[in-house]
Amino acid sequence: MENQLTWYPWAKMNPGDSFLAPVRPWETNDQARARVASCAISYARRRNQGYLVSTRNQRTHGEEGIRVWRTK
């Protein structure tokens with residue numbers, strides 16, 4: 001299984017950028033939000049940089065997921 005840090009585009013994101021993270025069939029929206037936030041915190045700690053994200057449940061063009069914005 002791949003590391004979750006490679007699943008998300010943290011290294012390419014600038015403040016204001018966003019992406020849609022899918023909710024896995026076995027998890028709730030709250031669990032998906034916690035997964036993404038945990039991964040962002042881990043990424044920031046490994047690189048010693050401030051990295052904040054904001055999340056929101058979203059349905060876009062028939063796709064449902066967690067919209068993730070980099071805020072800092």
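Here is a quick tour of this structure, from its sheet to its core and rings.

What you are looking at is a predicted model, where local features need pLDDT of at least 70, side-chain atom pairs count only at pLDDT 80 or more, and totals for chains, interfaces and linings use all residues. Residues are numbered from 1 along each chain as its sequence is written, and side-chain values use heavy atoms, with hydrogens and water left out. The chain has 3 strands in an open sheet, and its largest nonpolar core has 14 residues.

**Confidence**

- The average pLDDT (the predictor's confidence in each residue, from 0 to 100) is 81 for the chain, and 92% of the residues score at least 70.
- Confidence is highest in S1, at a mean of 87, and lowest in S2, at 78.

**The sheet**

- Helices (H or I, at least four residues) and strands (E, at least two) are DSSP runs, numbered from the N terminus.
- The strands line up in the order S1-S3-S2, with antiparallel pairing; two strands pair if DSSP finds at least two bridges between them.
- S1 and strand S2 (53-60) are at the edges with a single partner strand each, so one side of each has no neighbour in the sheet.
- From one strand to the next, the twist averages 35° (axes are lines fitted to C-alpha atoms, for helices over the stretch in contact, and angles run from 0 to 180 degrees between N-to-C directions).
- S2 and S3 are joined by 8 bridges, and one of the pairings there puts threonine 60 with glutamate 63 in S3.
- S1 and S3 are joined by 5 bridges, and alanine 21 sits opposite isoleucine 66 in S3.

**The core**

- A nonpolar core is a set of buried Ala, Val, Leu, Ile, Met, Phe, Trp, Tyr and Cys residues joined through side-chain atoms within 4.5 Å.
- Buried means under 20% relative accessible area, exposed over 50%, and partly exposed in between (1.4 Å probe, protein chains only).
- Among the residues with the most contacts inside the largest core are Tyr8, Trp10, Phe19 and Val36.
- Strand S1 (18-22), helix H1 (29-47) and strand S3 (63-70) each give two or more residues to this core, and H1 gives the most, with 6 residues.

**The rings**

- There are 3 aromatic pairs in the structure.
- Rings of Phe, Tyr and Trp (its six-membered ring) pair if their centres lie within 6.5 Å; planes under 30 degrees apart count as stacked, over 60 as edge-to-face and the rest as tilted.
- Tyrosine 8 and tryptophan 10 have ring centres 5.5 Å apart and planes at 50°, so they make a tilted pair.
- Tyrosine 8 also forms a tilted pair with phenylalanine 19, at 5.6 Å centre to centre and 35° between the planes.
- Because tyrosine 8 lies in the segment before S1 and phenylalanine 19 in strand S1, this pair ties together parts 11 residues apart in sequence.
- Tyr8, Trp10 and Phe19 are linked into a cluster by ring pairs.

- Leaving aside neighbours within four places in sequence, threonine 71 is in contact with Pro15, Leu52, Val53 and Ser54 (contact means heavy atoms within 4.5 Å).
- Threonine 71 and glycine 16 are 55 residues apart in sequence but 5.9 Å apart in space, C-alpha to C-alpha.
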